[in-house]
Number of protein chains: 6
Amino acid sequence: MTEYDTSLPGIRQVQNYIKDKQEVELKLVTDDLIVGKILWQDADSLCLVDHYNQQTLVWRQALVFLKPKA
Amino acid sequence: MTEYDTSLPGIRQVQNYIKDKQEVELKLVTDDLIVGKILWQDADSLCLVDHYNQQTLVWRQALVFLKPKA
Amino acid sequence: MTEYDTSLPGIRQVQNYIKDKQEVELKLVTDDLIVGKILWQDADSLCLVDHYNQQTLVWRQALVFLKPKA
Amino acid sequence: MTEYDTSLPGIRQVQNYIKDKQEVELKLVTDDLIVGKILWQDADSLCLVDHYNQQTLVWRQALVFLKPKA
Amino acid sequence: MTEYDTSLPGIRQVQNYIKDKQEVELKLVTDDLIVGKILWQDADSLCLVDHYNQQTLVWRQALVFLKPKA
Amino acid sequence: MTEYDTSLPGIRQVQNYIKDKQEVELKLVTDDLIVGKILWQDADSLCLVDHYNQQTLVWRQALVFLKPKA
């Protein structure tokens with residue numbers, strides 16, 4: 001993985017989901033699918049919050065794909 | 001992984017699929033097979049769009065193989 | 001992964017769980033879920049302690065997600 | 001992984017399979033076994049072609065082992 | 001992963017298990033659990049020895065967690 | 001992973017197995033267990049040969065553990 005570069009389209013798309021409080025589905029290497037809103041991202045991790053206001057810290061190394069909740 | 005080098009044959013092949021709006025099958029480490037057209041690629045991720053016009057952001061670390069849809 | 005940077009939000013969130021002796025659930029790439037309190041973190045690993053006071057050393061490369069125990 | 005170094009024995013062995021149009025079996029992290037001939041390799045990926053002349057782009061990060069087809 | 005730094009708490013904890021000839025359980029990405037004593041560690045690998053005095057070389061990239069045998 | 005350093009104990013142990021034509025068991029991330037003798041190693045890969053004299057090129061990123069065949 002390259003350095004954390006906030007001008008990359010992928011990083012910006014995540015940033016837009018944060019700004020729009022878009023509900024997303026996040027697939028992880030363990031095949032877990034986390035549903036929630038992204039609160040923030042940094043170089044190593046993302047933080048999601050679900051309907052019960054519980055926060056989950058997800059490490060970037062475990063990310064597979066992300067899409068807006070249908 | 002080396003730096004993101006757009007002159008690499010593999011990167012160029014993806015770029016051709018983007019230009020030709022080629023429908024592709026993308027296999028991921030979770031064994032998911034995503035079918036769609038690639039919208040763009042950057043150093044960290046690829047973005048695909050499916051028949052329902054839904055976008056999926058896929059991280060490069062999760063990529064296994066890619067082929068044109070038969 | 002970038003260098004270990006203690007100013008990152010993700011690293012600081014773990015640091016807060018350590019300070020607050022918060023019980024957490026830690027999901028690993030093997031799908032194991034470890035429940036306990038985090039004793040310390042360093043650039044390569046985290047150390048958790050469970051109810052029986054047994055310590056587990058977890059390597060960062062195996063981390064998937066972390067949340068406070070419900 | 002080190003830089004892509006074409007003098008390494010492993011890289012050269014793949015290069016020989018390419019030159020000899022040797023049919024190979026390529027095992028991937030998803031447990032998929034791809035059978036075909038290698039068309040080219042670069043620092044990030046390999047390209048295989050099967051009996052139906054379909055090309056598959058395989059990312060190096062997904063490679064497990066390679067052997068000549070028995 | 002950062003450079004191999006013997007002053008890190010995680011590396012030192014492994015070093016203590018080596019010195020104390022502590023029997024440990026080592027979980028790997030394949031879900032294998034290896035039981036034995038650690039003989040040595042280096043930047044890339046660990047070496048364990050079991051009850052039958054058989055040695056196993058384990059690569060760091062495959063490590064998930066480590067704990068003293070209960 | 002650090003640079004390929006032939007003075008590391010782990011690299012030297014593999015080198016000894018090569019020199020002694022020791023039959024080994026090599027566990028991979030796919031849970032495959034390859035049995036054979038190691039012919040050579042380089043920074044990216046290992047090459048094993050089995051009883052039928054067939055060669056298998058194994059990428060280092062897929063290595064889990066190695067032990068002498070019992």
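A residue is called buried under 20% relative accessible area, exposed over 50%, and partly exposed in between. D:Asp32, with a relative accessible area of 21%, is therefore partly exposed. The model discussed here is a predicted one.

D:Asp32 forms a salt bridge with B:Lys27, with 2.6 Å from N to O. B:Lys27 belongs to strand S1 (residues 23-28) of chain B, while D:Asp32 sits in the loop between strand S1 (23-28) and S2 of chain D, so the contact joins two chains. B:Lys27 has a relative accessibility of 9% and counts as buried.

## Other salt bridges

Over all chains, the whole structure holds 12 salt bridges. One of them links C:Lys27 and C:Asp31, whose closest N and O atoms are 3.4 Å apart. C:Lys27 is buried, at a relative accessible area of 8%, whereas C:Asp31 is partly exposed, at 44%.

In chain F, the side chains of F:Lys27 and F:Asp31 also meet in a salt bridge, with 3.4 Å from N to O. F:Lys27 is buried at 8% relative accessibility, and F:Asp31 is partly exposed with a relative accessible area of 44%. A:Lys27, A:Asp31 and B:Asp32 are joined into one network by salt bridges that share partners.

## Strand S3 of chain D

S3(D) runs antiparallel to strand S2 (residues 33-41) of chain D, to which 4 bridges join it. D:Leu48 is the bridge partner of D:Ile38. These two strands, S2(D) and S3(D), form a hairpin with 3 residues between them.

S3(D) also pairs with strand S4 (residues 55-59) of chain D, in the antiparallel sense and over 5 bridges. Here D:Ser45 has D:Trp59 as its bridge partner. The hairpin of S3(D) and S4(D) has 5 residues between the strands, and in this hairpin D:Asn53 takes a positive phi near 65 degrees.

## Helix H1 of chain C

Helix H1 of chain C spans residues 9-19, and its residues C:Gly10, C:Ile11, C:Gln13, C:Val14, C:Tyr17 and C:Ile18 are buried. Viewed down the axis of H1(C), the buried residues fall within an arc of 160 degrees, so they line one face of the helix. After H1(C) comes C:Lys21, with a positive phi near 50 degrees.

Note on methods: Residues numbered from 1 in each chain as written. Chains lettered and ligands numbered in written order. Predicted model: local features only at pLDDT ≥ 70, side-chain atom pairs only at ≥ 80, totals over all residues. Heavy atoms only, no water. Buried < 20%, exposed > 50% of the residue type's maximum accessible area, 1.4 Å probe, protein only. Arc of directions from axis to C-beta. Pairing = 2+ DSSP bridges. Salt bridge = Lys/Arg side-chain N within 4 Å of Asp/Glu carboxyl O.
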